[in-house]
Amino acid sequence: MKPFAYARPGDVAEAVRDVAAEPNAVFLGGGTNLVDHLRLGVARPDLVVDVRTLTSREVTDLPGGGLRLGAASTNSQVAADPRVRERYPVLAQALLAGATGQLRNMATTAGNPLQRTRCVYFQDVTTPCNKREPGSGCSAVGGYTRYHAVLGTPAALPDPNAPETCIATHPSDMAVALAALDAQVQVLGPAGERTVPFPELHRLPGDDPSRDTVLEHGELITAIDLPALPAGTRSAYRKVRDRASYAFALVSVAAVVTPDGELRLALGGVAHKPWRATRAEEVLRGQQLTEDAVRAAVAAELAAAQPQPGIDSGNGFKIPLVARTVLATVRGLLPEEQS
Amino acid sequence: MDAEITLQVDGEARRLTVDTRTSLLDALRERLGNTSPKKGCDHGQCGACTILLDGERALSCLALAVAHDGAEVTTADGLAPAGELHPVQQAFLEQDAFQCGYCTPGQVCSAVGVIDEFERGWPSHVTEDLTGRPEMTHDEVAERMSGNLCRCAAYVNITPAVQQAGGAR
């Protein structure tokens, strides 16, 4: 492991200044992903700034019925919070579907959405990867693509040698739920505070696959806010994986249905970012939320899906799997007479 | 780069100087001579290094020692006074819940955490009613112990051992 300096500043403002001043500095939260990356050589910082004990560990009520999740609250703690279990079951279920008890006790609210892809080539420093080493190419194209993207990728097969190519997926379950809930991300940076709507936090590879989010260097997530939901809102998270526990999603679905029948839908395991299914939501707007309507809406969302060939039969299986998983998830949320 | 830290290990204050890169696991094993937590994968995938960190089960391979200055660490070695067994350890013996034993200290620490999490009413992925109080069923225990791998596949006895120690009906 490359040597690094360690700092635990007195407060978050100082931590932000420390990271902003050193181009090769990183924030450390629970460490469950970063410490592994230090060991693998995926991350090679000169300075590690520990913010775990500087940000809030509390889950607090917001005026109007929402909740504020402090950046350092743990995934276990948030999943066990009675207010989250009662009002945001989609989030509790997503958290509990991720990782293991030990990891959830360490991983934090701010750190979970900032974890990096588990693309096997990203984590293997001996292979080219545009995300890890910009411009080196993408080893996943035509390789092991079972966990890779089908949405938000170019219409034609990507060029493995192009510097913008990346077909990785975002691995977080929590982030899929937060995207469906329209959570708000509170950010402190060198230029001050700002709020980022959760569905806009993560980005597609664009011309720079090394950037997972819109956060600038030195910007720190201090809290994530869950907006109040209308009384009677129902929500659920459903995850499909290769084994029953402790595995990343092949595909996952976060669905929120309000009492007036509006569906908010986000997909995991299918794109470079947690995928808010805005096309499907548009198709459904003003329509009765029936199984047939949902089926048609998901078909519209998946019209642009691009399966990736590869060893182990590629990942084309995800497209029908997403359609079925959405239906299975939403079916449980419909009023009885419609299902 | 070095840093001086203090850890409360199994009830005893231990002061040591560590390289900033040192994991809590390596600090315990290589610096403090506590070989109870085991190094399996060193990537957070196997659970052999599980300890109780400030009372909650955690993976010592993914914790930087320098980031846990002042922390209270309990290993399987420190769960009970010298010469005595913790109820979880006793249950592992009675249920024949191990063969080679390499993963056992991590399994035992994880089980102590699991039982505490049940007592606090924490739900799991297999809990049907998220707002209710989960019962210590086979499926609940198996799900909660899924972060501890056993190459001997003693799972069939580990799950009943955890249920026994947790006082499952």
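**Group meeting: two chains of a predicted model**

The helices H2(B) and H5(B) are oblique to each other. The reasoning behind the word "oblique" is brief. The axes of helix H2 (residues 87–94) of chain B and helix H5 (residues 155–165) of chain B cross at roughly 140°. Angles over 145 degrees would count as roughly antiparallel, and 65 to 115 as roughly perpendicular, so the crossing belongs with the rest, as oblique. The two axes come within 8 Å, and H2(B) passes H5(B) in a right-handed crossing.

Which residues in H2(B) meet H5(B)? They are Pro87(B), Val88(B), Ala91(B) and Phe92(B), and their counterparts in H5(B) are Ala161(B), Gln164(B) and Ala165(B).

Let me turn to chain A and its domains. The domain assignment divides chain A into domain 1 (5–50) and domain 2 (55–339). Taken over C-alpha atoms, the centres of these domains of chain A are 25 Å apart. Where they touch, 15 residues of domain 1 of chain A are in contact with 20 residues of domain 2 of chain A. On the domain 1 side, helix H1 (residues 12–21) of chain A supplies the largest share, namely five residues. That side has nine nonpolar and six polar residues, with no charged ones.

Chain A also contains an open sheet of four strands, in the order S9-S10-S11-S12, with antiparallel pairing. Which strands lie at the edges? Strand S9 (234–241) and strand S12 (275–276) of chain A do, each pairing on one side only. Strand S11 (residues 263–268) of chain A pairs with S12(A) over two bridges, and Ala266(A) has Arg276(A) in S12(A) as its bridge partner. Two of the helices that pack on this sheet deserve mention. H5(A) touches S9 and strand S10 (249–257) of chain A, and its direction makes about 20° with that of S9(A). Helix H10 (residues 318–331) of chain A touches S9, S10 and S11 of chain A, at about 35° to the direction of S10(A).

Finally, I come to the contact between the chains. How many residues does each chain contribute? Chain A gives 30 residues and chain B gives 33 residues. Among the elements of chain A that each supply at least two residues to its side are strand S1 (5–7), helix H2 (34–40) and helix H5 (89–97). H6(A) gives the most, with five residues. The chain A side has 16 nonpolar, eight polar and six charged residues.

Definitions and conventions: Residues numbered from 1 in each chain as written. Chains lettered and ligands numbered in written order. Predicted model: local features only at pLDDT ≥ 70, side-chain atom pairs only at ≥ 80, totals over all residues. Contact = placed C-beta atoms within 7 Å. Nonpolar A, V, L, I, M, F, W, Y, C, P; charged D, E, K, R; others polar. Pairing = 2+ DSSP bridges. Axes fitted to C-alpha atoms, helices over the stretch in contact; angles between N-to-C directions. Domains from an automatic or database assignment. Parallel < 35°, antiparallel > 145°, perpendicular 65-115°, else oblique. Left-handed = near helix turned anticlockwise from the far one by under 90°.
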